[in-house]
Amino acid sequence: MTIEVQHIRKQFGQFTALDDVSLQFPDGQLTALLGPSGCGKTTLLRIIAGLEHPDSGAVLLDGEDASHRHVRERQVGFVFQHYALFKHMTVFENVAFGLRVKPRKDRPSEQQIRDKVRQLLELVQLDWIADRYPPQLSGGQRQRIALARALAVEPRVLLLDEPFGALDAKVRKELRRWLRRLHDDLHVTSIFVTHDQEEALEVADQVVLMNKGRIEQLGTPDAVYNHPASPFVYGFLGNVNLFHGRVQDGVLASGAVQFEVPGEAGARNGNGIGYVRPHDLDVERYIPGAGDTGGVVAKLRRAHAIGPLAQLDLERADNQQLIEAVMPNELFSRHGFKEGDTLVVKPRRMEVFVDAGDGI
Ligand code: ATP
């Protein structure tokens, strides 16, 4: 099922939670709604579900205006952060619940319910705990059961609101991979709310980045990460170094350093900020008296070399700004850099926003 929202507005008193939001959720895809706390993600999800009504705008399901359809008629399944499993019912009965409360004419037979629940418990790989009660399960197991329960009624849309938010980092990581595999098997159009950028980039087909009730950018994980549309997106998705300065005739002058600014940004003159990801910085040894270094001279304050990557915390010589660089550990060892060494940092790739203000 395709979902489309058109010009959605929602106020809570004087506060604008959603400000003219329009977007599409393609059929069978997993879309992540990503953004800082309070940006309107949950409100948008609740409006799509029919749990909340917009002040204006429409929700279209498969092209038809569903704004006035009741929650039940929208055929959505939900999973929330705080698993609302029924404590007094077994896992089996929790999953069977949605089937048992169907109107008599649509209700499957007892045998069909049993088969369906077994099948779902196998799908979430928890058929071995069918007779347990929710308090006897781990957090991750409860979320998988919540998902099985949501899927039991064969929803045409699956809405997940921070489903793994309450779990520890390791379980969270496992579950998001598992959710992706499950989605690849079922192809239910799904919307996933998260404020965790890594989670959104890893799991989703499409990422919608929201800020203050508006959409900042919509695109594939690769597009939003590598081609951010605004300083906000750059800052929100991953670590970034900022080089403040002035852009004049295609050059960003930041302290003693000059960076060329190609493309559209270079054609505008004004205050500018260069954005550089830590892995887009080359780091070399500083050679005194060698003339223009073509980069930023910085002192290595701390190096953290565990696993395949070395993380370098540097302090810029001319203004004490902290710079973060990442390089393969093997290259770091080969250079033999030590804490306290003076190095030169050169951006391989930089995106400049002119008159960008603070951005983040
Ligand atoms: P989080 O990641 O913290 O859950 P969110 O992006 O999901 O945030 P929403 O829950 O959609 O944000 O809330 C958006 C804004 O609307 C918040 O500032 C919130 O305080 C406000 N809000 C949400 N529901 C209500 C309500 N029923 N009454 C008043 N204000 C509300």
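**Before starting.** Residues are numbered from 1 along each chain as its sequence is written. The model is predicted: local features need pLDDT of at least 70, side-chain atom pairs count only at pLDDT 80 or more, and totals for chains, interfaces and linings use all residues.

**The whole protein.** Display the C-alpha trace, which spans about 85 × 45 × 30 Å along its principal axes. The secondary structure comprises 10 helices and 20 strands; these are DSSP runs numbered from the N terminus, helices being H or I with at least four residues and strands E with at least two. Of the 360 residues, 36% count as buried, that is, with 20 or more other C-beta atoms within 10 Å of their own C-beta atom, placed from the backbone.

**The two domains.** Colour residues 3-236 as domain 1 and residues 241-354 as domain 2; such bounds come from an automatic or database domain assignment. Taken over C-alpha atoms, the domain centres are separated by 40 Å.

**The open sheet.** Next, select β2, β1, β4 and β5, which form an open antiparallel sheet in that order. Strands pair if DSSP finds at least two bridges between them. Because β2 and β5 (64-65) stand at the edges, each with a single partner strand, one side of each is left without a neighbour in the sheet. Eight bridges join β1 (residues 3-12) to β2. Within this pair, Ile8 stands opposite Val21 of β2.

**The ligand shell.** Now select the residues around the ligand: Phe12, Phe15, Ala17, Gly35, Ser37, Gly38, Cys39, Gly40, Lys41, Thr42, Thr43 and His195. The C-beta atom of each, placed from the backbone, lies within 6 Å of the molecule. The elements giving two or more residues to this shell are β2 (15-25) and α1 (41-49). The most come from α1, with three residues.

**Asp27.** Finally, select Asp27, in the loop between β2 and β3 (30-34). Is Asp27 buried or partly exposed? Asp27 counts as partly exposed because it has 13 C-beta neighbours inside 10 Å; this class lies between the buried limit and the exposed one, which is 12 or fewer. Leaving aside neighbours within four places in sequence, Asp27 is in contact with Met1, Thr2 and Thr189, a contact being two C-beta atoms, placed from the backbone, within 7 Å. Gln81 is 54 residues from Asp27 along the chain, and their C-alpha atoms are separated by 24 Å.
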